[in-house]
Amino acid sequence: DVGEAKECPYCAQDTTRSELVQLYASIFNEALRNQQQRINEIEAAVSSGFGEVGRLRLKQAFDTNGSEQQWWKDTGGLSISLSSDMNVDQVIDQMAGVETTVHNVLKRKRNNPNQAITLSDTETQVLNAWRDCVDGAKPYLDSLSQANAAIRKHQSGIASSNTEQISKELH
């Protein structure tokens, strides 16, 4: 914490009674606490989104989408197409790399709170590869949107034909 020294390291004057030193100490200590809190929040968000649980959640979503695609084909009579350009294992590996990289950068920032942190070439490569991965996921996400629209259309067609059938049977 700022202001813990009892005397000035340059002139040896007592700093415990200086209002100015106390004011600076409170300002800088608050800023440091806020910075540390923000680092903690970022670490938690990265762990949640890119950590093991986040990676398992993504893998499960890919698997579930594939199973539902097959179910709609076999049971629902609807053939939907999902972009197959995504390699889920590669995405998961990149997520792990991002998690490690961000935690390492935040650790350096925590240890050097008053200094700007420069990314290494490797860290930059990991983050750029993730950006490319996200860009590469767009066709898959678009195909999910198209599949969901096709499912809604198929369901509404079934619902209207079921209503028409019931209406005919009642008359």
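User: Helix 2 runs over residues 52-74; what span should its 23 residues have, and how far apart are its end C-alpha atoms?
Analyst: This is a predicted model, where local features need pLDDT of at least 70, side-chain atom pairs count only at pLDDT 80 or more, and totals for chains, interfaces and linings use all residues. Numbering starts from 1 along each chain as its sequence is written, and side-chain values use heavy atoms, leaving out hydrogens and water. Helices are DSSP runs (H or I, at least four residues) numbered from the N terminus, and the expected span is 1.5 Å times one less than the number of residues. So helix 2 should span 33 Å, and its end C-alpha atoms agree at 33 Å.

User: Is Trp72 buried or exposed?
Analyst: Buried means under 20% relative accessible area, exposed over 50%, and partly exposed in between (1.4 Å probe, protein chains only). Trp72 sits at 11%, so call it buried.

User: And which class does Trp71 fall in, by its relative accessible area?
Analyst: Trp71 has a relative accessible area of 44%. That makes Trp71 partly exposed.

User: How are the rings of Trp71 and Trp72 arranged as an aromatic pair?
Analyst: Rings of Phe, Tyr and Trp (its six-membered ring) pair if their centres lie within 6.5 Å; planes under 30 degrees apart are stacked, over 60 edge-to-face, the rest tilted. The structure holds three such pairs. For Trp71 and Trp72 it's 4.9 Å centre to centre with 85° between the planes, so edge-to-face.

Technical notes. Helices (H or I, at least four residues) and strands (E, at least two) are DSSP runs, numbered from the N terminus.
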